[in-house]
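The model comes first, then a quick tour of the interface.

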Amino acid sequence: MTFTHRHLLGLDGMSREELLYLIDTAASFKEISERDIKKVPTLRGKTVVGLFYEASTRTRTSFEIAAKRLSADYVNISSATSSTTKGETLLDTARNIAAMRPDALIIRHHAAGAARYLANRIDCPVINAGDGAHEHPTQALLDLLTIRDHVGRLEGLTVAIVGDILHSRVTRSNVHALRALGNTVRLVGPPTLLPREAAAMGEVHHQLASGVRGADVVMMLRLQRERQGRNYLPSLDEYARYFCLTRAALAEAKPDVVVLHPGPINRGVEIASDVADGAASLIMDQVTNGVAVRMAILFLLASRRGAQVEAPANEEAQPERRRKVG
Ligand code: CP
């Protein structure tokens with residue numbers, strides 16, 4: 001297939017074929033990170049800029065590692081150390097960066113729509129690394145890759161997404177992709193942490209037990225304390241009592257259930273430590289796969305060659321054979 005997108009702004013509207021193409025491309029990059037010398041010349045001479053207006057550990061670091069493993073030059077700008085502190089607007093900052101001719105601009109911003117806003121105004125591929133409560137497409141792609149690695153398929157699954165759905169861009173990207181691939185999505189949380197449109201996004205559950213019952217995948221969400229502008233919850237203790245994923249709660253799911261969490265985790269709030277560190281947890285696998293997903297996205301967008309290029313790293317080695325899906 002041909003992947004014709006110039007930007008990665010979200011997964012809403014992406015077809016099953018496009019999603020599988022991105023996941024397959026990411027899978028083919030995994031092997032590079034297992035090598036002794038973790039570098040290929042795929043993006044030699046290209047420049048990638050990360051513009052982070054919100055804190056990030058996993059996304060920012062894995063984009064930087066991904067760019068460097070592809071031999072691109074990577075520059076990171078955080079709002080705290082940029083001219084944003086002197087009153088420069090987002091658009092002016094982005095225009096100035098674009099004037100230096102990068103091959104891709106990665107943006108994380110607290111405002112929903114920030115990535116699209118820039119994509120419509122600058123001449124450079126834009127990658128959304130999380131915009132407010134809108135989308136976090138590379139997170140959902142790495143979640144999908146991790147599920148497929150461990151469950152063996154990406155369709156016909158029951159996926160329970162649990163917690164602070166209201167503020168979750170991870171949920172929105174996952175809902176679009178999981179449904180496009182033919183899965184059942186459950187949204188599980190207290191009514192105050194579910195958006196008005198929840199019923200249109202999936203099955204709604206207000207009880208953890210019914211939400212995870214029989215699930216193949218349980219995706220826990222961080223309680224976004226920094227975005228709790230109103231009193232959505234009586235207290236953290238109260239939230240944990242009803243929605244913390246403990247081993248007892250997880251016993252309601254399928255025996256071979258897998259547990260995901262995008263991180264950072266609040267131990268003892270949304271997930272018990274023995275579940276986060278337990279046998280069903282894929283949290284570290286998600287982080288590992290984040291590098292491969294971001295290598296794939298940079299390869300497709302920064303090289304401006306998209307699907308016309310056969311293999312991502314064939315200058316040095318064959319990518320691993322693509323897995324048959326579903
Ligand atoms: N999952 C995720 O986006 O983590 P960071 O905020 O650390 O990037």
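This is a predicted model: local features need pLDDT of at least 70, side-chain atom pairs count only at pLDDT 80 or more; totals for chains, interfaces and linings use all residues.

## Who is who

Where do the two domains run? Domain 2 is one stretch, 137–282, while domain 1 is put together from 16–135 and 286–306. Taken over C-alpha atoms, their centres are 26 Å apart. As for who touches whom, 28 residues of domain 1 are in contact with 30 residues of domain 2.

## Charges and polar pairs

How many salt bridges cross the interface of domain 1 and domain 2? There are four. Elsewhere on the list of charged pairs to look up, the side chains of Glu54 and Arg169 meet in a salt bridge, at 3.0 Å from N to O. Counting polar contacts between domain 1 and domain 2 gives 13 residue pairs.

## What domain 1 brings to the contact

Several elements of domain 1 supply at least two residues each to the side that touches domain 2: the helices α1 (16–29), α2 (58–69) and α12 (283–302), plus the strands β3 (104–109) and β4 (126–131). The largest share comes from α1, with eight residues.

Sorted by class, that side of domain 1 has eleven nonpolar residues, nine charged ones and eight polar ones.

Note on methods: Residues are numbered from 1 along each chain as its sequence is written. Side-chain values use heavy atoms; hydrogens and water are left out. Domain bounds come from an automatic or database domain assignment. Contact means heavy atoms within 4.5 Å. A polar contact is a pair of N or O atoms within 3.5 Å; within protein, one must be able to donate a hydrogen and the other to accept it, and residues adjacent in sequence count only if both atoms are side-chain atoms. Helices (H or I, at least four residues) and strands (E, at least two) are DSSP runs, numbered from the N terminus. Ala, Val, Leu, Ile, Met, Phe, Trp, Tyr, Cys and Pro count as nonpolar, Asp, Glu, Lys and Arg as charged, and the others, Gly among them, as polar.
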